[in-house]
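This report describes the folds of two chains and the way their elements pack or pair.

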Amino acid sequence: MKGLVALLVGLVVVLLLRSTALSAFAARGIVIDILTFATVFWALRHGPSWGATFGFAIGLCADVDAGHWLGRHALVLTLLGYFFGRIAATLVRDSARSQIVLLFFATFVHQAATVSFELGGLTGWAYLVMRSLVAAIVTAPVGTLLLWAGRRMIGHSLFGNVPVQPGKAL
Amino acid sequence: MGGLLPPAERRSSVLVALYVALSLLLLTMGDRVPQASLRGAGATLFAPLDHVVLAADRLWSASGENRALHERLTGLELENARLRGLVVENQRLRDELDLPAVREHRMKAVEVLALTGEPYPAAATLSAGRRHGVREGDAVVTSTGLVGRVTEIYGGLSRATLLTDPNAAVACEVESTGVLGVLRFAAVPSPRLLLTGVPFSDTVQVGQRLLTSGYSRRYPRGIPVGRVTRLGRDASGLTQSIEVQPEARLSRLRHVFVVPGPGSLESQP
């Protein structure tokens, strides 16, 4: 129950920020992909099941809000949440280098996959790559900085122990 | 968290497979889902939080905005005094020519609570709805030009589809020449607004202003829409493809005005 409440609070905070403060930045070309950041964070912190659940839930909310291509954000963020949840146990999650690489990769994949729906294919591939790269370049350092600030604020790691799979050593 | 979701690897694989299947189902059959009611519920739920978040932003910019608005108000009052004289003259000339009276736009100021879409906003949640007299189909404008159209009403809130929505289309005319065309948003190869359906026989020049045309059934006539920035030909090579810069700054929407659409005006006594 506690986990579900945390997930709902996380969803509300992310969606609120996305539709208010971050939309003003986005319109000026500075896309901070908070959906991806939140999904990656959730997956690294809570593992693949919760990562996929969070990705699906927040992606679905973003799809309903957008009004076009219901399921595109949900699909990509589910897979990203699951993937990062699976590899979470094999990473030094508090390492800034790991975080920046993960966020860069995740943002690029999310943007490229979702923008390709808007373009109706890969006809505008140059724009697609440029937009995905710009979003990844912005989101990765900003996200890493946020994680660092969060760690400093609470005084210990943001990532607890990822649920260990039975029979699988960390 | 492990209490609710089983931690076993096999179980998480099943879970992700279920989500993926649901996502694919929505991608193929999502149009049948009643999204408007879901968006309405979401907008109503988020509206108080949006107000709180936006209050800080409004306070931050209030001082500078207030000064700029006072300067603008003074300028507009002077211009208004001059225009009143012209209105009287125009009315007298229209009477002599037996032309129908021009309807004035009744505008209602509303606040933009949230924007949807990255990097360019494609929709906006407005702080007024059915209870405030806003109707589906009403035009949404700023002091500089057209922004979009109200497409969903939720009681105390509404949702406007902006010019940058992929499905938006606005019948326009070039102000000085009356050349007609339809303004659409194009995402490929890069996002921009295009005036389409203009034959090569019609002359359009860079810098000319576009207004909503009298042929539009969706927007009142004469609302500024944008300015021509670039001329080209469409993919078929049969008509012109004219790039347009919107008059309204879609990236800085805080307050907008709702103008009754042609449908609402027709229903008036």
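The text below treats chain A and then chain B.

The model is predicted: local features need pLDDT of at least 70, side-chain atom pairs count only at pLDDT 80 or more, and totals for chains, interfaces and linings use all residues. Residues are numbered from 1 along each chain as its sequence is written, while chains are lettered from A and ligands numbered from 1 in the order in which they are written.

**Chain A**

Chain A has seven helices and zero strands; helices (H or I, at least four residues) and strands (E, at least two) are DSSP runs, numbered from the N terminus. Its radius of gyration, 16 Å, is close to the 15 Å that the globule rule gives for 170 residues, so chain A is as compact as a globular protein of that length. That radius is taken over C-alpha atoms, and the globule rule is 2.2 Å times the number of residues to the power 0.38. Along its principal axes, the C-alpha trace of chain A spans about 45 × 30 × 30 Å.

Two packed helices are described by the angle between their axes and the distance between the axes. In chain A, the axes of helix 3 (residues 34-46) and helix 6 (residues 96-119) come within 9 Å and cross at roughly 130°. Axes are lines fitted to C-alpha atoms, for helices over the stretch in contact, and angles run from 0 to 180 degrees between N-to-C directions. Helix 3 and helix 6 of chain A are therefore oblique to each other; angles under 35 degrees count as roughly parallel, over 145 as roughly antiparallel, 65 to 115 as roughly perpendicular and the rest as oblique. To this contact, helix 3 of chain A gives Leu35(A), Thr36(A), Phe37(A) and Val40(A), and helix 6 of chain A gives Leu102(A), Leu103(A), Ala106(A), Thr107(A) and His110(A). Residues are in contact if their C-beta atoms, placed from the backbone, lie within 7 Å.

**Chain B**

Strands of a sheet pair through backbone hydrogen bonds, either parallel or antiparallel. Two strands pair if DSSP finds at least two bridges between them.

| Strand order | Strands | Pairing |
|---|---|---|
| 1-2-5-4-3-12 (chain B) | Six | Antiparallel |
| 6-7-8-11-10-9 (chain B) | Six | Antiparallel |

Strand 1 (residues 108-116) and strand 12 (residues 255-259) of chain B run antiparallel and are joined by four bridges. Ala109(B) has Phe257(B) in strand 12 of chain B as its bridge partner. Three bridges join strand 6 (residues 169-174) of chain B to strand 9 (residues 209-212) of chain B, again antiparallel. Here Val174(B) stands opposite Leu210(B) in strand 9 of chain B.

Technical notes: Two residues are in contact if their C-beta atoms, placed from the backbone, lie within 7 Å.
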